[in-house]
There are 2 protein chains.
Amino acid sequence: MKQVKPTILDVAKRAQVSKATVSRVLNNNPKVNAEIRRRVLAAIDELGYVPNAIARNLANSTSNTIGLILPDITNPYFPVLARGIEDTAHQLGYTLFICNTDNDPKVEQEYIRKMVQQQVGGIILISSILGEETVNGLKGLQTPFVLCDRSIPDSPFDSVTIDHYRAAREVVERLIAQGHRRICHLAGPSQVQSAEMRKQAYVDAMSEAGLSPVVRVGSYSYESGLRLMNEVLDEGRPSAVFAANDLIAFGAMNAIHGRGLRVPEDIAVFGCDDILFAQMCKPALSTIRVPAYQIGVTAVRLLDSRMKGGDADAQHVILEHKLIIREST
Amino acid sequence: MKQVKPTILDVAKRAQVSKATVSRVLNNNPKVNAEIRRRVLAAIDELGYVPNAIARNLANSTSNTIGLILPDITNPYFPVLARGIEDTAHQLGYTLFICNTDNDPKVEQEYIRKMVQQQVGGIILISSILGEETVNGLKGLQTPFVLCDRSIPDSPFDSVTIDHYRAAREVVERLIAQGHRRICHLAGPSQVQSAEMRKQAYVDAMSEAGLSPVVRVGSYSYESGLRLMNEVLDEGRPSAVFAANDLIAFGAMNAIHGRGLRVPEDIAVFGCDDILFAQMCKPALSTIRVPAYQIGVTAVRLLDSRMKGGDADAQHVILEHKLIIREST
DNA sequence: ATGAAAGCGCTAACAG
DNA sequence: CTGTTAGCGCTTTCAT
């Protein structure tokens, strides 16, 4: 015989007052008699009453939830970002929904819809591969969006990223300045904006230096790095490799080691993201530090002001990255 | 001039029918005239109407959400687990809330409350450090819980874990069988059940073999492993170390390398969890494979049947672990 | 097969 | 200061 959760009415009866009064003490409305308030509080306690947040939201048509849609929480770059989002969201009173898309546009669309149905107050969309038109079409949903790691210039949505292009260029230029000539690039998925920008930066920097670019496209994974690097090594031996993210870089390093070659003596390796393991592995990985946590914090703040009614033009925040030089170069 | 989201009433008007009818087509009620259905669908489409899931839940007092409360998504063990949960939850039609407690009991309690307020249909609680009484007190909330990585024998809640004790024992016994005599243990937080069981297993196995246990307690982190291992090395040189998780193991390996010692020649290192990097690092880490993804899947399934009204006794599922031997031992 | 009306739990005027 | 009442958006009898 499963008993049901007590409602505000149960509390009201027990405290011999009206629902309105209970609602008032719940919302800390100052104009309630101390004695009454005490009675209500007692009743709440005795009944183990917990207010129903969704009924509340329904009643005053607000929402205290935020949706986070990201590619894959299993990719070590995202947990830190997600943590920045979660911490800030809770701090501002929101509860966070989360879902993984595996960079599948179909799934993304489905989850966006699901979040909207859940009446989230706003959505943080990471590394979407949805086309610009599609994303801009989201405007019709009447739900604020914030894009992370991606920006769409004339879009109605706020965004937070680093300057992927410049960061990547700095890496390649540094490698070139250090004397490297045969530098190859192991790129991420071409539908992902950050991957595409890194690749473009690499190509541009190489071309401008009169060097010929060698790029292999794969996914943002360890396996991809392993496979791509082996392919590269089958055809020659670069003196340096710039991987589109740290996972790829680890794969590359292991492929290199697998051939009996050393990092950085034989081949230098540069990654991107600065995930936890970049500093733990041997040799420690040189990489681009992306302020993932801060991106998360910023995204929520943007969303929050948008939800509070900010009707200003879309903001495109660009956070600072930093080259971290360790043992692999 | 911000327009508001269309409601079921807007759709009804536009399709010249009643709310009830719209509701019916929304719920695929078969007895609606094909022509009418088409009109309604058209109206929905034209208005870009998205049904309000929480109003719906309120109306039939159900919930399509699940809450996940875990220590820290930033710890590489959890994303895989979370992914198992997320995938399964969505598959079963639930949307997932998530929050991090950093193993702080206060925060845990607060988040549990928050989830209950959000009317989640159930909660998956990971590695809680709440006392047994406290956890059992949760029963009063009328919300089903599933515990992961922890079980409370006579608790009213379901649980999914591996046999932490036995797994750890197997490791220690193996090390002993290999001839190691001076084996130390770098433990996790003593309030965390899994950490405590691993420690106990280590102590028992050592004692039974007539060896004296040496344990250092810290947190489940890389830094902790680094620090603890250095302390150990300051006082002598074990021939093997059993770390309570892989992160600690990495810290230990780096501390060992820092002293110019080699793994496994000078000191063997054994971890636990088998996170992604265990196989990527040099030397690759020997560890206990914990079926994290599967734990997540199972947890959601248990919760689902509990939410569907299962009134059976609490189930305590124990999944299989496996020793993975790589280069570090 | 469709509509009218009540109600889910809560808040917010509006009275008193 | 407190109670009454009318919704919020949707589902679900109960009629028709």
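Student: What makes the length of helix α5 of chain A close to the expected one?

Tutor: Helix α5(A), residues 77-91, has 15 residues and reaches 22 Å from its first C-alpha to its last, close to the 21 Å expected at 1.5 Å a residue. The expected span is 1.5 Å times one less than the number of residues, and helices are DSSP runs of H or I with at least four residues, numbered from the N terminus, while strands are runs of E with at least two. A word on the source: this is a predicted model, in which local features need pLDDT of at least 70, side-chain atom pairs count only at pLDDT 80 or more, and totals for chains, interfaces and linings use all residues. Residues are numbered from 1 along each chain as its sequence is written, with chains lettered from A and ligands numbered from 1 in the order in which they are written.

Student: Why is α5(A) called largely enclosed?

Tutor: A residue is buried if 20 or more other C-beta atoms (placed from the backbone) lie within 10 Å of its own, exposed if 12 or fewer, and partly exposed in between. Eleven of the 15 residues of α5(A) are buried, so the rest of the structure largely encloses this helix. Among them are Tyr77(A), Phe78(A), Leu81(A) and Ile85(A).

Student: What comes after α5(A)?

Tutor: Gly93(A) follows, with a positive phi near 90°.

Student: How do you know that chain A is more spread out than a compact globule?

Tutor: Chain A has twelve helices and twelve strands. Its radius of gyration is 26 Å, well over the 20 Å that the globule rule gives for 329 residues, so chain A is more spread out than a compact globule. The radius is taken over C-alpha atoms, and the rule is 2.2 Å times the number of residues to the power 0.38. Along the principal axes, the C-alpha atoms fill a box of roughly 85 × 40 × 35 Å.

Student: How many residues of chain B are in contact with chain A?

Tutor: 40 residues of chain B are in contact with 40 of chain A; contact needs C-beta atoms, placed from the backbone, within 7 Å. Chain B's side includes residues from α5 (77-91) and β2 (95-100).

Student: What makes β2(A) and β2(B) a pair?

Tutor: Pairing needs at least two bridges found by DSSP. These strands have three, in the antiparallel sense, and Leu96(A) stands opposite Ile98(B).

Definitions and conventions. Contact = placed C-beta atoms within 7 Å.
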